[in-house]
Amino acid sequence: MLTSGNVSDEPIAYRDEDALRRLGGIADAFLTHDRAIHIRTDDSVTRAVGGRPMLIRRFPRLRARTGHGARRLPPPVLACGAELKNTFCLAKDRHAFVSHHIGDLENAETLRSFTEGIEHFSRLFDVVPQVVAHDLHPEYLSTKVRARPRRH
């Protein structure tokens, strides 16, 4: 099986040299290419069960979006997620876009992954949040940052 990789509680290693350095001691092999990856993202993982594919982990594009009959959100929302095992979510109208795994927000690399991911999703899904939902703990980075993507 091939998948993206990260050390527990850290963001996904998406640059070849970073992956080789951080994951060299735990990965069996690396599949690289001369075309650079520009943004972190989770891979979808499936397994054949009874001859049919069973989804184990969904990539954000495959995540179920809220559909017909779901409550419409008045303003676009950024939900910053938890301090540990962080993901974020951008929501607009009846659609929610859940991010890839970020990691524990306790160092510069995971904070950078968090803010870059929010900016990328904001551009990709055309969401400029008017409301930011975050934990009330005053020392959590997701509370301190309360990132708001710039208008595009």
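What span should the 18 residues of α2 have, and how far apart are its end C-alpha atoms? At 1.5 Å a residue, α2 should span 26 Å, and its end C-alpha atoms lie 25 Å apart, which agrees; the expected span is 1.5 Å times one less than the number of residues. This is a predicted model, in which local features need pLDDT of at least 70 and side-chain atom pairs count only at pLDDT 80 or more, while totals for chains, interfaces and linings use all residues. Residues are numbered from 1 along each chain as its sequence is written, and side-chain values use heavy atoms, with hydrogens and water left out.

**Helix α2**

- Helices (H or I, at least four residues) and strands (E, at least two) are DSSP runs, numbered from the N terminus.
- At the start of α2, a side-chain oxygen of asparagine 107 comes within 3.1 Å of the backbone nitrogen of glutamate 109, a polar contact (N or O atoms within 3.5 Å, one able to donate a hydrogen and the other to accept it; residues adjacent in sequence count only if both atoms are side-chain atoms).
- Buried residues of α2 include Thr110, Ser113, Gly117 and His120, where buried means under 20% relative accessible area, with a 1.4 Å probe and protein chains only.

**Aromatic pairs**

- Rings of Phe, Tyr and Trp (its six-membered ring) pair if their centres lie within 6.5 Å; planes under 30 degrees apart are stacked, over 60 edge-to-face and the rest tilted.
- The count comes to four aromatic pairs.
- Phenylalanine 88 and phenylalanine 121 pair edge-to-face, 5.2 Å centre to centre with 75° between the planes.
- Phenylalanine 88 lies in the loop between β3 (73-79) and β4 (89-93) and phenylalanine 121 in helix α2 (residues 108-125), so this pair ties together parts 33 residues apart in sequence.
- Phenylalanine 88 is buried at 1% relative accessibility, and phenylalanine 121 at 6%.
- Phe88, Phe97, Phe114, Phe121 and Phe125 form one aromatic cluster.

**Nonpolar core**

- The largest nonpolar core has 13 residues, and Leu78, Phe88, Phe114 and Phe121 have the most contacts inside it.
- Such a core is a set of buried Ala, Val, Leu, Ile, Met, Phe, Trp, Tyr and Cys residues joined through side-chain atoms within 4.5 Å.

**Strands**

- β3 and β4 run antiparallel, joined by four bridges; strands pair if DSSP finds at least two bridges between them.
- Cysteine 89 in β4 stands opposite alanine 79, and its bridge partner in β5 is valine 98.
- β4 and β5 form a hairpin with one residue between them.

How values were computed. Buried means under 20% relative accessible area, exposed over 50%, partly exposed in between (1.4 Å probe, protein chains only).
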